[in-house]
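Hi,

Here is the structure I said I'd pass on.

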Amino acid sequence: MPSVLVSVDAGVLTVTLNRPEKLNALNPEMHRLLRGALERAIGEPEIRAVLLTGAGRGFCSGQDLAERDVTSAAPIDLAVWLGEHYNPLVRRLRALPKPIVCAVNGVAAGAGANIALACDLVIAARSATFVQAFARLGLVPDAGGTYFLPRLVGTARAMGLALLAEPLSAERAEQWGLIWKAVDDARLAEEAQKLARTLANGPTRGYGLAKKAIYASAGNSLDAQLDLERDLQREAGLSEDYREGVTAFKEKRSPRFQGK
Ligand code: LHQ
């Protein structure tokens with residue numbers, strides 16, 4: 001079985017991390033397959049939303065630690081790993097011009113937690129936990145953790161999560177605003193599919209532009225953000241979906257967006 005499963009249905013590209021016996025710990029092969037899946041999501045117009053999840057009882061336990069030989073005399077340069085694999089992955093997730101739902105089906109640890117946070121809407125099973133496991137290894141939160149955490153939950157909570165490396169329950173993650181919502185375990189797959197399908201039937205171009213605006217805001221002044229909104233709205237206003245949205249409103253019916 002491939003270590004990342006990819007399928008397309010009803011406009012949703014589902015990507016499933018598939019090394020359940022290792023709680024979907026990431027290795028270079030998985031990074032390669034993930035990259036291919038995201039490139040496919042960009043390139044195929046019929047794909048209008050992405051759903052990322054994990055097989056088995058975990059979502060993703062971060063970097064595969066078993067593949068690390070820390071006993072050798074030659075020091076390992078972890079920056080190479082981040083530069084080659086994790087940073088491009090996080091950048092790709094954030095820049096993908098289509099919405100990404102992450103269904104966190106179980107523990108999300110280390111880079112696994114932060115990859116989830118790089119997605120646009122995170123929905124988690126109530127039994128799932130988020131663990132910034134890095135401090136247990138003497139490492140710094142990576143895969144965007146030091147960017148996402150303070151912005152999502154504030155410096156005090158981000159620091160607690162980073163330094164203590166304690167598991168945060170899905171419910172608490174929802175209360176803190178770290179994720180969109182926590183749902184009963186038995187309902188996760190269905191709810192996540194529903195969410196992804198709703199997005200796949202939405203105004204794809206408008207969604208992509210909204211992502212751009214919201215993610216740019218953290219580094220922008222209000223003035224810069226207003227200018228950006230003006231420019232992105234110009235683009236959105238030229239889409240067929242905008243025309244359809246206004247027409248549907250006037251005709252008192254639901255819009256039928258084509259993602260164009
Ligand atoms: C694993 C892993 C794992 C291998 C569970 N690797 N086997 C980026 C770039 C460069 C360098 C460094 O780092 C990074 C980013 C990072 O992600 S660093 C952080 C790496 N991740 C972690 O530190 C988490 C390690 N795992 C855990 O702390 C626990 O496994 C968690 C809390 C995730 C789950 O605990 P349990 O539910 O008690 O499960 P378990 O520990 O029994 O794990 C089940 C199996 O999965 C077990 O294998 P085994 O053969 O004994 O049944 C684990 O060894 C394996 N596993 N995580 N990251």
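**Notes on the model**

L65 sits in the loop between β4 and α2 (78-95); helices (H or I, at least four residues) and strands (E, at least two) are DSSP runs, numbered from the N terminus. Before going on, the ground rules: this is a predicted model, in which local features need pLDDT of at least 70 and side-chain atom pairs count only at pLDDT 80 or more, while totals for chains, interfaces and linings use all residues. Residues are numbered from 1 along each chain as its sequence is written, and side-chain values use heavy atoms, with hydrogens and water left out.

**Around the ligand**

Which residues come closest to the ligand? They are R57, S61, Q63, L65 and A111, out of 26 residues that surround the ligand (a residue is near a molecule or strand if one of its heavy atoms lies within 4 Å of it). α2 gives the most to this shell, with four residues, and α2 and β6 each supply at least two.

For polar contacts I took pairs of N or O atoms within 3.5 Å; within protein, one must be able to donate a hydrogen and the other to accept it, and residues adjacent in sequence count only if both atoms are side-chain atoms.

- S61: a polar backbone atom is 2.9 Å from a nitrogen atom of the ligand.
- A111: a backbone N or O atom lies 2.9 Å from an oxygen atom of the ligand.
- R136: a polar side-chain atom lies 3.5 Å from an oxygen atom of the ligand.

On its own the ligand has 1,000 Å² of accessible area, and the protein covers 67% of that. Accessible areas come from the Shrake-Rupley method with a 1.4 Å probe; for residues, only the protein chains shown count as cover.

L65 also belongs to a nonpolar surface patch with V70, I76, L78, L137 and L139, and together they have about 510 Å² of accessible area.

**The strands**

β4 is also part of an open sheet of four strands, in the order β4-β6-β8-β9 and with mixed pairing. β4 (58-60) and β9 (168-169) are at the edges with a single partner strand each, so one side of each has no neighbour in the sheet. Two strands pair if DSSP finds at least two bridges between them. Inside that sheet, β6 (residues 107-109) and β8 (residues 129-131) are parallel, with two bridges, and A108 has F130 in β8 as its bridge partner.

Then there's β5 (residues 100-104), where five of the five residues are buried. Buried means under 20% relative accessible area, exposed over 50%, partly exposed in between (1.4 Å probe, protein chains only). I100, C102 and V104 are on one side of β5 and V101 and A103 on the other, with both faces covered. β5 pairs in the parallel sense with β3 (residues 49-54) over four bridges, and with β7 over four bridges, also parallel. V101 is the bridge partner of L51 and stands opposite L121 in β7.

β7 has four of its five residues buried, so the rest of the structure largely encloses it. A125 is found in β7 (residues 121-125) and is buried, at 2% relative accessible area. Its C-alpha atom is 27 Å from that of A210, which is 85 residues away along the chain. β7 is also joined by three bridges to β10 (residues 181-183), running parallel, with I123 opposite K181.

**Two backbone angles to check**

Most residues other than glycine have a negative phi. A10 has a positive one, near 50°, and lies in the loop between β1 (4-9) and β2 (12-17). N24 has a positive phi too, about 60°, in the loop between β2 and α1 (28-43). Buried or partly exposed? A10 is partly exposed at 45% relative accessibility, whereas N24 is buried at 0%.

Cheers

Key: Patches are made of residues with over 30% relative accessible area and no salt bridge: like charges are joined within 9 Å, nonpolar side chains (Val, Leu, Ile, Met, Phe, Trp, Tyr) within 5 Å. A salt bridge is a side-chain nitrogen of Lys or Arg within 4 Å of a carboxyl oxygen of Asp or Glu.
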